[in-house]
Amino acid sequence: MRAVLTWRDKAEQCIYDLAFKPDGTQLILAAGNRLLVYDTSDGTLLQPLKGHKDTVYCVAYAKDGKRFASGSADKSVIIWTSKLEGILKYTHNDSIQCVSYNPVTHQLASCSSNDFGLWSPEQKSVSKHKSSSKITCCSWTNDGQYLALGMFNGIISIRNKNGEEKVKIERPGGSLSPIWSICWNPSREEHNDILAVADWGQKLSFYQLSGKQIGRDRSLNFDPCCISYFTKGEYILLGGSDKQVSLFTKDGVRLGTVGEQNSWVWTCKVKPDSNYVVVGCQDGTISFYQLIFSTVHGLYKDRYAYRDSMTDVIVQHLITEQKVRIKCKELVKKIAIYKNRLAIQLPEKILIYELYSDDSSDMHYRVKEKIVKKFECNLLVVCADHIILCQEKRLQCLSFSGVKEREWQMESLIRYIKVIGGPPGREGLLVGLKNGQILKIFVDNLFAIVLLKQATAVRCLDMSASRNKLAVVDENDTCLVYDIHTKELLFQEPNANSVAWNTQCEDMLCFSGGGYLNIKASTFPVHQQKLQGFVVGYNGSKIFCLHVFSMSAVEVPQSAPMYQYLDRKMFKEAYQIACLGVTDTDWRELAMEALEGLEFETAKKAFTRVQDLRYLELINSIEERKKRGETNNDLFLADVFSYQGKFHEAAKLYKRSGHENLALDMYTDLRMFEYAKDFLGSGDPKETKMLITKQADWARNINEPKAAVEMYISAGEHVKAIEISGDHGWVDMLIDIARKLDKAEREPLLMCAHYFKKLDNPGYAAETYLKIGDLKSLVQLHVETQRWDEAFALGEKHPEFKDDIYVPYAQWLAENDRFEEAQKAFHKAGRQEEAVRVLEQLTHNAVVESRFNDAAYYYWMLSMQCLNIAQDPAQKDVMLSKFHHFQHLAELYHGYHAIHRYTELVPLCYRCSTNNPLLNNLGNVCINCRQPFVFSASSYEVLHLVEFYLEEGITDEEAVSLIDLEAPRHKRENKWQEITSNNSQTLRLDETMDSMGDDDPFTAKLSFEMFHSEDYELLVLQHTCCPYCRRRIDDPSP
């Protein structure tokens, strides 16, 4: 640390206090009975302020910068605005010793010899509190909650905002150690409020808000008059009777002198948020200094050690970002680091540390040795077993015990020194001198080796990893690179302030300067990018950069140098650069370039890096083909181009190598059919058709079926076109295809008909079947679609399809309970056995299900069926027998139907409305009124009693006789005549005989004599058919 005087001025009176405006632009001084306002940038006196009548002892600025206050021996306090205008004045009973603004509420505390007051703009009056002793100084905490008062009797009183005492601290010296200056640490990072106290017992002490002392008292050896913190609380300024301002750490460790003066220092303050310090003295001198904190640090590969807070050392691992802090509690003067060693020079000793383990990521250090001796040196270097001290022109090698083992005297001042490695105890040092000489020194050898000598002074040095090249930055900011063996200057670059070789690549270095980072590979042009700071190391893709006080590892993709090698087709070298660190895009570009250059080994490594299995498979296939003896590079390159998407270039190479078919396959596989056609030109029509077919296949696969259909039609692939159209239900397209096809193309036409049927368009299916003349399929279509009229019409024209029509028709009728029509259909189809079998099954079902009326009907139909079959002489006897049997069963079941119904009904007397039991001992009479029951001959139900009135002229007796009179019945004559002649018997129906002798239309329709005429008429009216044989009354057939 060093202090540079920026400006100085001198007032006529003593400077007791000063204050900065919060923005740092103005400085207010208390000089005599005036306030002096200075411009801090150049020390110009802006304006003197008059308002006090006696010496001004104190001044303070509000945190918001709107006003400041001054206190004087005239017992008054004046409030001033930032425009330097006095706006308020109030007084105490004694001279004002100090003033301080609350940093939060802007409440003003003013302290006199016997009291203190608290004033704020919203108050009308000043609240004052008595003090037991003279108050010499005061300071508010950061949060503005507490005010500390320092008193002449050695007591520190901590008050709240209302002036009430909360904590009282008594210094050991009492009134012999008056408190002369106090200040709270402004840092917001501290967990506790810390109060720094300077008393005239020549002690510096620190206290917590609770009153507990922190650490021990620190002896000053002078009377302190002022104490103040830096803005962030990291350092303390202290001035007094020693006529100088000293810089201390926040823990009270003295670091050095800011500026020596000619008289006592009464006040010193730090410009807000800066390293500028102003000092006010007894003789009226005002001095404005800039503090420059030099960087004390050391670097070895990825470990960086630097000084922090002047007394601590932080070791940072630049890769893992781990940090460890070593507290030395003394001013750190020099730092050196090498492998597992760390050397720290303190004012009176040198500490040598070592790592706990050999782990590369270990960050735990322990003290190995202490050299308790004061050394003066410009540079410090540490090796495995030695430390090297640089003193102007001389180098001294000391063991860790402090014994000097060797010494080298140089011709000129040493400007740069660096350890370049070597076995423990025999390390090599690279040394650069002001006269341009560059030497290599081994710590176990007295003789220095001159590597080369240049005309300009050395500022920075580095040696390449293989020790073959040397990079030098001279005093003219020029980077020069030499071949160590030949001493030849290989190249030079301007605008450099530091240089570093890449530790992993022999031909790469970087240098910084002018706000730019410059990366140079081999003899290629320099690649530049913006970078602030100095380059101090280069490892792989990481560049270690020191900017101001911080070291950072900058990840720099090595893309630019890699592309420089690629441009010259130097694939192996480009791969080496890429290994240092490039992006995935750069790796892929390297892989592609190497592949196009047929450098398969490099390409394979690069594609492995980006995990591109597709290209790795291509390379493996090419290598296998090369093993089998293929040597056509054009063919290999064509495959590469096709994989890269450079299809036209690939096609040209395929054609040049005589493999046009591969180009054609490539285009068709990629569905680039137009390019394939252009490639073919006016070639073979078969190949053109093949292309169209492939194009249609592709269109089909990508869900473009309409385009596929059109292409299939143009290629003559009608079956595929029909299949797609049918699957998508495009009837119009199927119709168009079917009508365009020739009738000889049966397969596609049959497929069209199949899809017409499937899509419920039987008309077009019929048209298609007619086109190819497939009548059987047409009949089957009509049957399947139940278009019976068209089927019957077709059967009339083509009797050979009669069975194919009527049998399904009969089955369909039977399934729909249309048995009579089914019977006729079976007859028409000549399927008598099926007709009989159906009726027998229906009859059996009716009996089982107790549907006796249906059973009677079915037996009657069976009898009629047997009668028809009986016309065959061979079956006559059997069928006639069956006829009579079925007729008999029909009559029985018809009668039993009514009886069965009767058994399910309780007889009701219609005279007295009594329900009668089924079993009645009295017979068929009512058990209540003895009314006889008369039953219907058709339904066997009890007939209703009907009241009627006789016509005039008919007596009761005549009426009874008429009721009892039975209707005349006619004998049924058999119309069938049996004739025997020529050894044969025949039955003939005689239609000339009258069926009935009367004109009654109902009785004429009777099937047999088992109905009363009234019942029969009623049933016929109800059902419009015969109740027995179910023949409709409008049926003209006999």
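**D199 and the pairings**

Reply: The side chain of D199 reaches the backbone nitrogen of G201 at 2.8 Å, where a polar contact is a pair of N or O atoms within 3.5 Å and, within protein, one atom must be able to donate a hydrogen and the other to accept it, residues adjacent in sequence counting only if both atoms are side-chain atoms. This is a predicted model, in which local features need pLDDT of at least 70 and side-chain atom pairs count only at pLDDT 80 or more, while totals for chains, interfaces and linings use all residues. Residues are numbered from 1 along each chain as its sequence is written, and side-chain values use heavy atoms, with hydrogens and water left out.

D199 lies in strand 19 (residues 194-199); strands (E, at least two residues) and helices (H or I, at least four) are DSSP runs numbered from the N terminus. D199 counts as buried because its relative accessibility is 1%, buried meaning under 20% relative accessible area, exposed over 50% and partly exposed in between, with a 1.4 Å probe and protein chains only. With its neighbours within four places in sequence left aside, D199 is in contact (heavy atoms within 4.5 Å) with R171, S177, P178, I179, W180 and P224.

Strand 22 is joined to strand 23 (residues 235-240) by 5 bridges, and C226 stands opposite G239 in strand 23.

Another open sheet of 4 strands, also antiparallel in its pairing, has the order 6-7-8-9. Its edge strands are strand 6 (56-61) and strand 9 (86-91), each pairing on one side only, and its twist averages 20 degrees from one strand to the next. Strand 6 runs antiparallel to strand 7 (residues 67-72) over 5 bridges, and A60 has A69 in strand 7 as its bridge partner.

Strand 3 (residues 26-31) and strand 4 (residues 34-39) run antiparallel and are joined by 6 bridges, with I28 opposite V37. Their hairpin has 2 residues between the strands, and G32 takes a positive phi near 65 degrees. Strand 4 also pairs with strand 5 (residues 44-50) in the antiparallel sense over 6 bridges, where V37 stands opposite Q47. In this hairpin, with 4 residues between the strands, G43 in the turn has a positive phi of about 80 degrees.

Among helices, helix 14 (residues 746-758) and helix 15 (residues 762-772) pack at an angle of about 160 degrees, with their axes 7 Å apart. That makes the two helices roughly antiparallel, since angles over 145 degrees count as roughly antiparallel, under 35 as roughly parallel, 65 to 115 as roughly perpendicular and the rest as oblique. R746, L749, L750, A753, F756 and K757 in helix 14 meet P762, Y764, A765, T768, Y769, K771 and I772 in helix 15.

Conventions
Pairing = 2+ DSSP bridges. Axes fitted to C-alpha atoms, helices over the stretch in contact; angles between N-to-C directions.
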